[in-house]
Amino acid sequence: MKKILDTGNAACALAVKAAHVDMIAAYPITPQTSIAEKLASYIGSGEMNAKYLPVESEHSALSAISAASTVGARVFTATSSQGLLYMHEIIHYAAGGRLPLVMANVNRAVCAPWCLYVDHQDSISQRDTGWIQFYAASNQEIYDTVFLAYKVAEASNVPVMVNFDGFLLSHSMMPFQLVEQEVIDKFLPPYEPAWQLHPKWGGTFANVTPSHEYVPIRTRQAEDIMKTGDLIKKFSREYQELTGHWHGDLFDVYRQDGAEVFLLSMGSMAAEMEIAVDMLREEGIPAAGLRLRVFRPFPGAELSQILPQGAKLLVFDRNCAFGTGGGALLSEAKNALFDRRDNLKVAGQIMGLGGEDLPAAYLAQKAREMMEVIK
Amino acid sequence: MSVKLKDFSETEFVVSGSAACAGCPSVMALRVVGKALGENAIMIMTPSCAVASIGLLPKSCYSVPTLNICFASAGASAGGMSLALDALYEKGRLQGEKPTVFNWVGDGGTYDIGFQGISAAAERNDDFIHFCYNNEAYSNTGVQRSGATPLYATTTTTPFGKEVNRKNLPLLMLEHRIPYVATASLAYPMDLYRKVAKAKSIKGFKYIEVHAPCYPGWKFAASDTVQMSRLAVKSGAWMLWEGEYGKLTLNNPTALYAQGKAATIPVEEYIGCQGRYAHLMKSPEKDTYLAELEEEVKRGLIFMAGRAEL
């Protein structure tokens, strides 16, 4: 396997190229733009056999690939921040329509005020739209997750959002290994849709629906999304067997042995958190890093299993769940643990909004402060 | 190309069970469109009366494969679908002739919320036909004003009459320099059929707007949809024309009116029998209003005749 040094956006585009995508529609937005540019360049030069629709908005980008998916194409788009928010209507449509779309979202703060740098407010705002949400913490993980995303989306007919941090990953060069095309093809063969909108097969898509039809459709969608957690685990193992690449299950746990304090976070902050965990361990605090890879479906049972009796869970949110006094990850964790456990202590902290720098020493300090609160 | 009724194919895009109002112009126009397009077609709809008419899941009153997508999505979704089909046929994953992708969208989805996407698809010259069935209001939601609602017509959001003019959207589409633009009328089905057949034979972006008088919205008898369509053309309030790459040609009878070879009927004969203008007809200033509307029609004919000379 070839190892290269490149950015997170390059890793994403290289994976999309290797995934036999048939059609791409994208609109430029910082810090996503270089994904769209690279893909346009691969297609233009003939390196990639796909069509590219240079749309005039993100709403149109997602509309275009949604309709393209209904006729049986494997499709892709990438966006960020305001662009993701502008897609919101079609994000719901794609999930309700059970379209196996894959979209990369390069996480960035949302306005007002305007800010170009990372936080997770954009994708967290889409948490109830019915998409699977991955959060990657390295360029290698971005690359590998794109293949996993198609595999899961097409097996479940649930669209997948691959999130990664703007600039910290999207524009940072770091080494990652490419996988040989034949290995990718083995893991992810060309798309064979279960149905296609075509005169040969007829049919209508997204009809007007009375309540007694709408309810079972929604119920099944909700159940199927819950089941994708197991699919992700299964396909992650399969991918590991083929490539040796492993980024963890639904969680990636760092220094679990004997741990009593768990520092839960997502994205690149969780990579930095490993250093913070080392610092706390040196002080004699039995800390562990808990990196959430899959925010939707939220792996509540898995979280409960990881935490031992009496554990302290410290939640670091790079987003605001406005009106709750905390972040979304804190709400989700508390919600997941409430019925399962009564012997845990949980505290949360919002940080890193709008690209606020999060060095390990700062994370460790915040962890100490949270431990004081729930002592 | 001259079209006769016997040329119409047996294809029916609209089958029994439509939930449309009696005399619905969308249903009538779509029947003719289906006969001209044939069976190898895929339809995209956005929220409109045509979607409300489809009937409830799992049934449909449309025999053509249909995708219902969001309101602002028509341009991009048809463009995306058409391009994806190109990819699948080129890769050999689908065999045979590529289906005609077409939008069936009302004036709200075309003039207003959908315009950005449609304009962009036209600029990209995406390969599909966009049909706007123009009933001059948001009829599906109970007749609110749209960008296509004409001057002084009442709607539920312009209860005292619309104070501004409609846009000339077909002309705006022509100025995108796309391969084909046409306006059509239910009262001239041969002309409509010919224009649809022509659009089908052209690759790239095609725009066809069908004037679609809506009886509950405009307040006339349900049996008079075609008659109202005819009066619109005969009064000059709706013009029949087509254009290719910016070159405009007026069609008869509009061409005859523009050249002064035939006379239009007074606009009063067209709007006087519509309840949406009742306030105007009862007004003490009726004559002033009618003169203004008549002037609008004349200006339109002069303007389009001049545009046709370019």
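How much area do chain B and chain A bury between them, and what share of it lies on carbon and sulfur atoms? In this predicted model, the two chains bury about 3300 Å², with 65% of it on carbon and sulfur atoms. Buried area is the accessible area (1.4 Å probe) that two parts lose on being put together, summed over both. On the chain B side, B:Leu57, B:Leu83 and B:Lys91 lose the most area to chain A, together 17% of what that side buries.

The model is predicted, with local features needing pLDDT of at least 70 and side-chain atom pairs pLDDT 80 or more, while totals for chains, interfaces and linings use all residues. Residues are numbered from 1 along each chain as its sequence is written, chains are lettered from A in the order in which they are written, and side-chain values use heavy atoms, without hydrogens and water.

The contact (heavy atoms within 4.5 Å) involves 43 residues of chain A and 44 of chain B.

Four salt bridges link chain B and chain A. A salt bridge places a side-chain nitrogen of Lys or Arg within 4 Å of a carboxyl oxygen of Asp or Glu. One joins the side chains of A:Glu56 and B:Arg124, at 3.5 Å from N to O.

Strand β9 of chain A (residues 204-205) pairs with β2(B) in the parallel sense, over two bridges. Strands are DSSP runs (E, at least two residues), numbered from the N terminus. Pairing requires at least two DSSP bridges between the strands. Within β2(B), B:Leu67 is the bridge partner of A:Phe205.

Methods: Helix = DSSP H or I, 4+ residues; strand = E, 2+ residues; numbered from the N terminus.
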